[in-house]
Amino acid sequence: MQENSDRPFVTELTTHSSIGYVDEKRVDDSLQQKQKQGVAATGGTTTRWMQNNKKWILFGIAIIAAATAIPIILVIALRKPSEPPSPTVQKKQPEEHHPDFPPLPEDQFNNSAQANPYTPPLSKPFPYGKIPIRGINLGGWLVIEPFITPSLFDQFSKSDKVIDEYSLCKKLGPKEALRQIQEHYETFITEEDFAKIAKMGFNHVRIPMGHWAIEVTQDEPYVPHLSWEYLLRAIQWGRKYGLRIMVELHTAPGSQNGWNHSGRYGQIGFLNGSHGEENANRTLKIVETMIEFFNKPEWQDMVPIFGVLNEPAIFELEKKRVQKWYEDSHDSIRNITGVNDGPYLTYHDGFIGLDSWNGFFDQNRYKRVFLESHMYLMFDESIVSLPREEQAQFPCHGWRTILNDSMKNAAPTMVGEFSIATNDCGKYLNGVGLGTRYENTLHKESSAKQLQCPTCTCENVENWKKWDKNYRHFLQSFLEHQIDSFETSSIGWFFWTYKTENHANPHWDYSLGWEQGWAPKDVNNITYKCAN
């Protein structure tokens, strides 16, 4: 397959963008047009006058030429074609609209900000293992997910089969896909959200990214490169509010798991199928490009953690091939950063059990590496059927035991995703047009286990306005017991996710819980804790 360009986007952006590049061609065309107009205006009388005043004309031309050339030279000199775009720095201080916002530092790479008294300023290393990661995911923003932004998919009929970002972009076409997705990027997450995240007490933000931020091939309909600009903008917001960023590659070319949040629903094309090796090699090159950028001094403090690849479905792949890719990617990254430098790397457990990784991440070789796991109750039919009181306490013994063992026998372990959902009733949670385990209506090619519960129903389950006091109390208890469990048995956690569109899926919507009271006002101070 022929790629759209020989080099990745982050090394070749040359046109004007919201992040501050100059279109030189536009400047050159304008100058040429003006020069032509000047020649056309020259006539007979004017020519004789010019001959009589040749000396002064030459002197004037020299002055005009200098005045024209100097700005062009400055534009070319100041612009760095080998650098990715720098985030926009607003000249207008946001306090005029948001009194709680701190002023922008004059230095756009100033790392003096501190998110809260419980975490060190950005200029100092974060003591992983001593202070827990307390993080939030920005799911559904730069990688679109139907259950987080359902309106993007509701505009189509079922027969259109728009079920993921791939089919969304293909159905819309390049121009309309660009318009809709840019509007989504621009409005779904703003600076105000970063200010709120800091106020909530978090110290890290995990940002999932699609591989199309770096490159696309001719047969991929994704909107290319645009999300990279918004990622850098988000990192600068994090810098302003003292929030460290975990950048995470959420998709692989060909799909690493066949789920819609990998970009394309269906077959797994990563280390599988006729292009499996090709897609894996391409994924590694994309990872290398991102690492090379964030390994630069101005970004190192801001991006101390990098997720190498989200949720590869190792349970459906050859385990040894994936492990070999883990080894190769680690070695390649450390060839760029140095063995003891660069961001901490996270590798997902692949849903084969944390104990499957015992002994793999030899700490003499895999330095600055975390094993990542995602803890979701609603996908385990044996826990979904438990009474609420037992569900709220389950993290304290079930997950805490598993995580403690992983910390001892596998590697420093991190919970990269969890929620307060106790069923899979959320709209489009399992996918567009698919049913639920909870109601035994999930129709999918894979053999997903169903919940044997004839009386279980999803009716009004997601209508948060009808939740009574007891249920809200349960949600707070379940959330905070998870937090305490993860902080006492791992290096920390990231909640999935910060928000859903118009609170469409409230069990996955931290901002709604924060506003309504079932999430703590300050995540550093929780009420419910596990018994020792």
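Guide: A polar contact is a pair of N or O atoms within 3.5 Å; within protein, one must be able to donate a hydrogen and the other to accept it, and residues adjacent in sequence count only if both atoms are side-chain atoms. D468 meets this with N470: a polar atom of the D468 side chain lies 3.3 Å from the backbone nitrogen of N470. This is a predicted model, where local features need pLDDT of at least 70 and side-chain atom pairs count only at pLDDT 80 or more, while totals for chains, interfaces and linings use all residues. Residues are numbered from 1 along each chain as its sequence is written, and side-chain values use heavy atoms, with hydrogens and water left out.

Visitor: What makes D468 a cap, and of which helix?

Guide: A side-chain oxygen of D468 lies 3.3 Å from the backbone nitrogen of N470, at the N-terminal end of helix 13. D468 itself sits in the loop between strand 7 and helix 13. Helices (H or I, at least four residues) and strands (E, at least two) are DSSP runs, numbered from the N terminus. The protein has 14 helices and 8 strands.

Visitor: Is D468 buried, exposed or partly exposed, and why?

Guide: Buried means under 20% relative accessible area, exposed over 50%, partly exposed in between (1.4 Å probe, protein chains only). D468 has 44% relative accessibility, so it counts as partly exposed. E459 lies in the loop between strand 7 (413-418) and helix 13. E459 is at 62%, so it is exposed. C425 is 34 residues from E459 in sequence and 8.6 Å from it in space, C-alpha to C-alpha.

Visitor: How do you know what span to expect of helix 13?

Guide: The expected span is 1.5 Å times one less than the number of residues. Helix 13 (residues 469-487) has 19 residues, and 27 Å is expected. From first C-alpha to last, helix 13 reaches 27 Å, close to that value. Helix 13 is also mostly covered, with 16 of its 19 residues buried.

Visitor: What makes a set of residues a nonpolar core?

Guide: The members are buried Ala, Val, Leu, Ile, Met, Phe, Trp, Tyr and Cys residues, joined through side-chain atoms within 4.5 Å. The largest core here has 129 residues. F194, I235, V247, F294, F361 and Y510 touch the most other members. Helix 7 (residues 226-241) gives the largest share of this core, 9 residues. A second, separate core of 9 residues includes F126, Y128, F370 and F494.

Visitor: Which residues does V247 contact, leaving aside neighbours within four places in sequence?

Guide: Among them are I207, M209, L231, I235, M290 and F294. V303, I305, F306 and G307 are also on the list.

Visitor: What describes a pair of aromatic rings?

Guide: The distance of the centres and the angle of the planes. Rings of Phe, Tyr and Trp (its six-membered ring) pair if their centres lie within 6.5 Å; planes under 30 degrees apart count as stacked, over 60 as edge-to-face and the rest as tilted. A search of the whole structure finds 42 aromatic pairs.

Visitor: Why is the pair of Y326 and Y347 called tilted?

Guide: The centres of Y326 and Y347 are 4.6 Å apart, and the planes are at 45 degrees. Y326 is in helix 10 (residues 319-337) and Y347 in strand 5 (residues 344-348), 21 residues apart. Y326 is buried at 1% relative accessibility. Y347 is buried too, also at 1%.

Visitor: What kind of pair do F360 and F361 form, and why?

Guide: Their ring centres are 4.8 Å apart and their planes are at 90 degrees, so the pair is edge-to-face. F360 has 14% relative accessibility, so it counts as buried. F361 counts as buried at 3%.

Visitor: Which residues do ring pairs link into a cluster?

Guide: F202, F394, W399, F418, F486, W493, F495 and Y510.

Visitor: How confident is the predictor, and where is pLDDT below 50?

Guide: pLDDT is the predictor's confidence in each residue, from 0 to 100. The mean for the protein is 85, and 78% of its residues reach 70 or more. Over residues 1-50 the pLDDT is below 50, and this stretch has 66 contacts in the model beyond near neighbours in sequence. Residues 66-99 stay under 50 as well, with 57 contacts beyond four places in sequence.

How values were computed. Contact = heavy atoms within 4.5 Å.
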